[in-house]
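Visitor: I would like to learn how to read the features of a structure with you. Could we take them one at a time?

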Amino acid sequence: SCVAPLKPAIEVDLFYGAVSDADWASYLAEEVTPRFPDGLTAIDAAGQWRNAAGVVTRERSKLLILIVFDAPGHLPKVQAMIDVYLKRFNQQAVLHTEHAVCAG
């Protein structure tokens, strides 16, 4: 339970692989902001992952954080963003995590 003025919410964390700064900016403007116009946080990160061949790759990455109050209504919007990213930038995966938070 949350103490007022905070309310129950979901924090959505999306971990993206490297694309150019221009591509990232256009993705945020065209795909993310229209779906989540109330705000977001995007953080530069250093990531690594193991591909299907077992090779560990290190790369620049982005962490996108969204706070949503309409769970589970946000899920189709998040999945659409992931699908666009994978196709548009020829990426293999976007890590998607969620957890309950109190926000206000």
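**Pockets and aromatic pairs**

Guide: About 160 Å³ of space lies in the second largest pocket, where a volume is the space filled by probe spheres set on grid points joined across faces, edges and corners. This is a predicted model, in which local features need pLDDT of at least 70 and side-chain atom pairs count only at pLDDT 80 or more, while totals for chains, interfaces and linings use all residues. Residues are numbered from 1 along each chain as its sequence is written, and side-chain values use heavy atoms, with hydrogens and water left out.

Visitor: Which residues line the second largest pocket?

Guide: On a 1 Å grid over the protein atoms alone, a pocket is an open set of points where a 1.4 Å probe fits, with protein on both sides within 12 Å along at least five of seven lines, and lining residues have an atom within 4 Å of a point. Here the lining consists of R35, F36, P37, D38, G39, L66, I67, V68, F69 and K77, and strand 3 supplies the largest share of it, three residues.

Visitor: How much space lies in the largest pocket, and which strand gives the most to its lining?

Guide: The largest pocket holds about 340 Å³ of space, and of its 16 lining residues the closest to its centre are F15, Y16, G17, W49 and E59. Strand 2 gives the most to this lining, with five residues; strands are DSSP runs of E with at least two residues, helices are runs of H or I with at least four, and both are numbered from the N terminus.

Visitor: How is a pair of aromatic rings described?

Guide: A pair of aromatic rings is described by the distance of the centres and the angle of the planes. Rings of Phe, Tyr and Trp (its six-membered ring) pair if their centres lie within 6.5 Å, and planes under 30 degrees apart count as stacked, over 60 as edge-to-face and the rest as tilted. A search of the whole structure finds eight aromatic pairs; one of them joins Y16 and W24 edge-to-face, at 5.1 Å centre to centre with 70 degrees between the planes. Both residues are buried, that is, under 20% relative accessible area with a 1.4 Å probe and protein chains only.

Visitor: What do Y27 and F89 tie together?

Guide: Their ring centres are 6.3 Å apart and their planes at 75 degrees, so this pair is edge-to-face. Because Y27 lies in helix 1 and F89 in the loop between helix 2 and strand 4, the pair ties together parts that are 62 residues apart in sequence. Y27 and F89 are buried, and one aromatic cluster is formed by Y16, W24, Y27, Y85 and F89.

Conventions: Buried < 20%, exposed > 50% of the residue type's maximum accessible area, 1.4 Å probe, protein only.
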